[in-house]
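I opened this entry to keep track of what I looked up in one chain.

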Amino acid sequence: MIVIEKVTAARPADWTRRRLSELDWGWLGPVLVSAIAFLLVFPKLGRPHELMWDETYYAKDAWAMLYSGTELSWRDQPGGQPANGLVMGGDPAAGLVPGVAGSAVHPPMGKWMIAIGIRLFGMNPLGWRAAAAVAAVVAVLVLARTVRRMTGSTLFGCAAGLLLAMDGSWLVMGRVAMLDMFLMTFIVCAFGCLVVDRDRTRERLSGGTCGPFLLHGWRILAAVFFGLAACTKWTGLFALAFLWALALLWDRNARKAAGVRRPWAGMLLKDALPSVVTVGFVALTTYVAGWWGFFVSGTGLQEKLFGRRIAAWDRDWADGHPSALPDFLDPLRSLWQRHVDTYSFHHGVIGSHPSQSWPWEWTYQGRPAGMHFSVTEAGQRGCGLAEKCVRNVTDLGTPAIWWVSLPVLGLLLLTLPWTRDWRAAAAITGYLAGILPWLPEAFHGRTMFSTYALPMLPFIVIGLVVAFAMLWERTANRPRLRTAAGAAGFLYLLAVSVTFAYFYPILTAELVPWSSWMDRMWLHRWI
């Protein structure tokens, strides 16, 4: 007897569900979020078509470094002219003071990053902003992956990436040729490496009196990123100090969890002391290597590489100031003097500015920096007949993120002695690393701006997501509360997206009616 079996075709819905479950969402999710970030930051990147805000320094310095390997002096009296006009006219070389080095006041790494975009797309707004936009997208990807590792949830990791991509200050700084986005991205990458190192350390530790010595490979990579951050802006050093100390506390706790009898001694002897080399020396070496253009300037190698020989600012200082040290150290002595002069400059930046803001104002976006403002009369260049219009770029973080972060981070800090949650401690440590070092300078009266707060942003996002993750974990056996928590989280993301979309026109120089612009000035000091 022949038995005929009934074959049932798989339903399309079942096939789709099975195929989706087979995908590696741990990577695909963050990549999709990064694609959203790309679509937010890149469109009309060349608008406004001008050297905006501090682009007058960094874009021109980046071009000069492509031209000669070092910063050069420009014919830019107050207002940036005539150099800025010559740059926008396509003849930047005509804006230089021939053969004279420029007195740059920040390390070179961020400007080399900007220079990559200029090399690819030319000396125009798209070219000098492209690298910052790429760095902004990279930060979203790395943060999403890092938070996924911290929470064990791809969904939470993607939420972190989305929150970062829907912050106004992230968008603005990703669309301007300044150093802060590179600083933030390097710090995010360094922190991500530390989190991976934490997990790998716990996998390999065993017991004993002090426990074994471990080679922290991911921590060495973190040190490279910290060195790059410091070689972009010196404030990267504070992130290194705070997060390095945090990583050592993780080491101590890991040794205790592994059954080590003397975890503090084990951490000090087998983690802290070796990290002077694996972190301190690696970061320092990376930092100094970033000054390669300074070292080759004024030499035959510079002439071979760039076709001209112009010594960088302070490059020949040691020649006029002999010492008992060997001559081969003269370049390092000159670099040290460059740092002394740079510190003196920064310490003396005191005075009023229309966009001046203090560190405590950064926490609630009290005075965002106004980077571009232009008025179009009614009926002209796309403006309606009813009223005049405005194009505005304001470094305004999304209020639904920054305002909510204050009570959330405060609650994480207050409950930390009881929760002892390492993720909450990480968020608070990174946040404090971004604000505490500025307080002495603020009391000194130093001029500062909201753009300096950008390195705080990823740790604000981490704090928000970690707080929700802690709530989610505590409702595991309470389905009604978990459903309510999930709904609250969704509504919060929706509120952030709506708020971000509302402010988007004044973040990207869109043409808006005057009354519409005023409606978005929620606080008096935003104007």
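I began with alanine 509, which counts as buried because its relative accessibility is 0%. The cut-off for buried is under 20% relative accessible area. I keep in mind that this is a predicted model.

Where does alanine 509 sit? I found alanine 509 in the loop between helix H21 (479-503) and strand S7 (511-513). I then checked its backbone. Phi of alanine 509 is positive, about 65°, although the residue is not a glycine.

I looked up glutamine 365 next. Its phi is near 55°, again a positive value in a residue other than glycine. Glutamine 365 lies in the loop between helix H16 (359-362) and strand S5 (370-376). Is glutamine 365 buried or exposed? I noted a relative accessible area of 5%, so glutamine 365 is buried.

**Cis peptide bonds**

I turned to omega. A cis peptide bond joins arginine 47 to proline 48, with omega about 0°. I placed proline 48 in the loop between H2 and H3. Another cis bond links glutamine 81 and proline 82, and here omega is about 5°. Proline 82 belongs to strand S3 (residues 81-82).

**Aspartate 54**

I stayed with the loop between helix H2 (25-41) and helix H3 (55-68), where I also found aspartate 54. Aspartate 54 has 21% relative accessibility and therefore counts as partly exposed. The class runs between 20% and 50%. I took one distance from aspartate 54. Valine 100 is 46 residues away in sequence and 21 Å away in space, C-alpha to C-alpha.

**Cysteine 383**

I located cysteine 383 in the loop between S5 and strand S6 (389-394). Its relative accessible area is 6%, so I logged cysteine 383 as buried. How many residues separate cysteine 383 and tryptophan 292 along the chain? I counted 91 residues, and their C-alpha atoms are separated by 49 Å.

**Annotated domain**

I checked the UniProt record. An unreviewed entry carries the annotation "domain: Protein O-mannosyl-transferase C-terminal four TM" for residues 332-526. I then looked at that stretch in the model. Residues 332-526 are 57% helix and 8% strand.

**Nonpolar patch**

I went over the surface. Which residues make the nonpolar patch of about 390 Å²? I listed Ile116, Leu120, Phe121 and Leu126. Helix H5 (residues 109-121) gives the largest share of the patch, three residues. Isoleucine 116 lies in helix H5. I marked isoleucine 116 as partly exposed because its relative accessibility is 47%.

**Cavities**

I ended inside the protein. Rolling a probe the size of a water molecule over the atoms shows where empty space is left. How many cavities of 30 Å³ or more does a search of the whole structure find? I noted seven. The largest cavity has a volume of about 120 Å³. I recorded 15 lining residues for the largest cavity, with Ile187, Thr235, Ala433, Gly434 and Pro455 nearest its centre. Helix H9 (180-204), helix H11 (236-257) and helix H18 (422-435) are the elements that each give two or more residues to this lining.

Methods. Residues are numbered from 1 along each chain as its sequence is written. This is a predicted model: local features need pLDDT of at least 70, side-chain atom pairs count only at pLDDT 80 or more; totals for chains, interfaces and linings use all residues. Side-chain values use heavy atoms; hydrogens and water are left out. UniProt positions are given in the numbering used here, feature names are shortened, and annotations may be inferred rather than shown by experiment. Helices (H or I, at least four residues) and strands (E, at least two) are DSSP runs, numbered from the N terminus. Patches are made of residues with over 30% relative accessible area and no salt bridge: like charges are joined within 9 Å, nonpolar side chains (Val, Leu, Ile, Met, Phe, Trp, Tyr) within 5 Å. Accessible areas come from the Shrake-Rupley method with a 1.4 Å probe; for residues, only the protein chains shown count as cover. A salt bridge is a side-chain nitrogen of Lys or Arg within 4 Å of a carboxyl oxygen of Asp or Glu. Buried means under 20% relative accessible area, exposed over 50%, partly exposed in between (1.4 Å probe, protein chains only). On a 1 Å grid over the protein atoms alone, a cavity is a set of points where a 1.4 Å probe fits but cannot get out, and a pocket is an open set with protein on both sides within 12 Å along at least five of seven lines; lining residues have an atom within 4 Å of a point. Grid points are joined across faces, edges and corners, and a volume is the space filled by probe spheres set on the points.
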